[in-house]
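Trainee: I have a model open and would like to learn how to read it. Can we take it feature by feature?

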Amino acid sequence: MLALRTLGKTCRRSPATLWRRTAAQSAGQRMDIRGIYPPIATPFTEKEEVDYLKLHDNLQKYAKIPFRGLVVQGSNGEYPYLTAEERVEVVRRVRQALPREKLVMAGSGCESTMATVQMTEQMARAGADAVLVVTPFYYRGRMDSKALIHHYTQVADSSPVPVVLYSVPANTGLDLPVDAVAALSQHPNIVGLKDSGGDITRIALIIHKTSSEDFQVLAGSAGFLLAAYSVGAVGGVCALANILGPQVCQLEELYVSGQWEAAKALQYRLIEPNAAVTRKFGVAALKQAMDWFGYHGGVCRAPLRPLSESEVKMLRQDFSSNGWL
């Protein structure tokens with residue numbers, strides 16, 4: 001029934017949009033999103049303006065790492081603090097600078113369905129290969145499965161590029177329900193899910209419930225990347241990859257090549273630094289660590305504040321105790 005409703009709406013779109021949507025589907029497959037993606041940070045000047053020169057420098061370094069692509073304007077890109085114009089312009093600059101074979105997955109989520117549809121179309125025009133759509137959460141008490149299925153269906157129906165669902169309860173206070181994911185996996189333009197919750201039982205259940213669909217799940221953190229691979233995930237969108245990109249990609253390679261013991265040893269060493277730049281200290285710590293490892297991190301945009309001196313010491317300890325500094 002969902003597919004029939006989608007087809008009816010698709011037939012009313014422009015020929016260009018229809019062609020972009022159905023090119024892969026006509027070959028009997030959806031976009032393959034497997035691999036490692038850093039959700040890149042947005043560099044700012046001391047006046048908190050987007051620093052496109054430093055962004056370009058970071059991109060030149062990331063282009064040499066075997067990432068599948070980049071996530072742009074995700075949580076680590078401080079997207080809620082950017083204007084709509086800035087969000088689109090950052091994606092446009094990334095697409096121009098990045099080799100064509102690297103995927104650009106752009107965060108296009110907004111609180112309303114209408115705004116998300118419009119932002120998704122702008123991201124596609126800016127060069128995004130796919131969009132990552134976070135759950136709307138401001139009225140979280142009313143964001144049940146019915147509301148979220150309607151939201152994502154409307155976005156996917158109108159999107160010129162494939163859609164990836166994004167569940168990040170630490171920031172939204174809202175998990176995308178398993179039954180909603182299962183229903184949405186049937187949509188021909190929804191290709192996967194980034195799950196940042198860290199509940200491996202939930203991730204495994206989603207993979208099981210969507211196994212009959214051409215639907216892929218990405219781990220939302222390097223801290224549980226190996227565990228997610230073990231239950232069927234196909235990659236990860238990992239904040240730590242902004243700093244230890246080669247090592248996170250190595251973890252993927254060790255798993256794929258069956259070197260389980262080496263993969264476990266590496267995973268153990270990534271857990272503490274990953275936690276430090278995510279749930280423990282957040283984006284300010286991510287940017288601080290980027291500076292230590294030769295990237296441009298720099299300041300955050302207010303109201304985010306820099307780390308205190310004691311927090312910087314703890315952050316350094318989390319990296320040095322695991323042999324990274």
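Trainee: Are D129 and R95 buried or exposed?

Mentor: Start with the cut-offs. Buried means under 20% relative accessible area, exposed over 50%, and partly exposed in between, with a 1.4 Å probe and protein chains only. Here D129 and R95 are both buried.

Mentor: A word on the source. This is a predicted model, where local features need pLDDT of at least 70, side-chain atom pairs count only at pLDDT 80 or more, and totals for chains, interfaces and linings use all residues. Residues are numbered from 1 along each chain as its sequence is written, and side-chain values use heavy atoms, leaving out hydrogens and water.

Trainee: What does D129 form with R95?

Mentor: A salt bridge is a side-chain nitrogen of Lys or Arg within 4 Å of a carboxyl oxygen of Asp or Glu. D129 and R95 form one, with their closest N and O atoms 2.7 Å apart. The pair links distant parts of the chain, 34 residues apart: R95 sits in helix 4, and D129 in the loop between helix 5 and strand 4 (130-134).

Trainee: How are helices and strands picked out?

Mentor: They are DSSP runs, numbered from the N terminus: helices are H or I with at least four residues, strands are E with at least two.

Trainee: How many salt bridges does the structure hold?

Mentor: Twelve. One of them joins the side chains of K287 and E78, at 2.6 Å from N to O. Those two lie 209 residues apart, with K287 in helix 13 (residues 283-292) and E78 in the loop between strand 2 (69-72) and helix 4 (84-97). Both K287 and E78 are buried.

Trainee: Where do D175 and R202 lie?

Mentor: First, their side chains meet in a salt bridge, 3.8 Å from N to O. D175 is in the loop between helix 7 (169-172) and helix 8 (178-184), and R202 is in helix 9 (residues 200-209), so the bridge ties together parts 27 residues apart in sequence. D175 is partly exposed, at 36% relative accessible area. R202 counts as buried, at 11%. Salt bridges can also share partners: E89, R92 and R93 are joined into one network that way.

Trainee: How far should helix 5 span?

Mentor: Take 1.5 Å times one less than the number of residues. Helix 5 (residues 113-125) has 13 residues, so it should span 18 Å; its end C-alpha atoms are 18 Å apart, which agrees. Its buried residues are T116, V117, M119, T120, M123 and A124. Just after helix 5, G127 takes a positive phi of about 115 degrees.

Trainee: Which residues does the UniProt annotation "active site" cover?

Mentor: Read such records with care. UniProt positions are given in the numbering used here, feature names are shortened, and annotations may be inferred rather than shown by experiment. The unreviewed entry marks Y166 and K194. They span 29 residues in sequence, yet no two of their C-alpha atoms are more than 4.9 Å apart, so they gather at one spot.

Trainee: What surrounds Y166 and K194?

Mentor: Contact means heavy atoms within 4.5 Å. Y166 is in strand 5 (residues 163-167). Not counting residues up to four places away in sequence, Y166 touches several residues, among them S75, Y152 and K194. K194 is in strand 6 (residues 190-195). With that same exclusion of residues up to four places away in sequence, K194 touches residues including L132, Y166 and V237. Y166 is buried, at 4% relative accessibility, and K194 is buried, at 4%.
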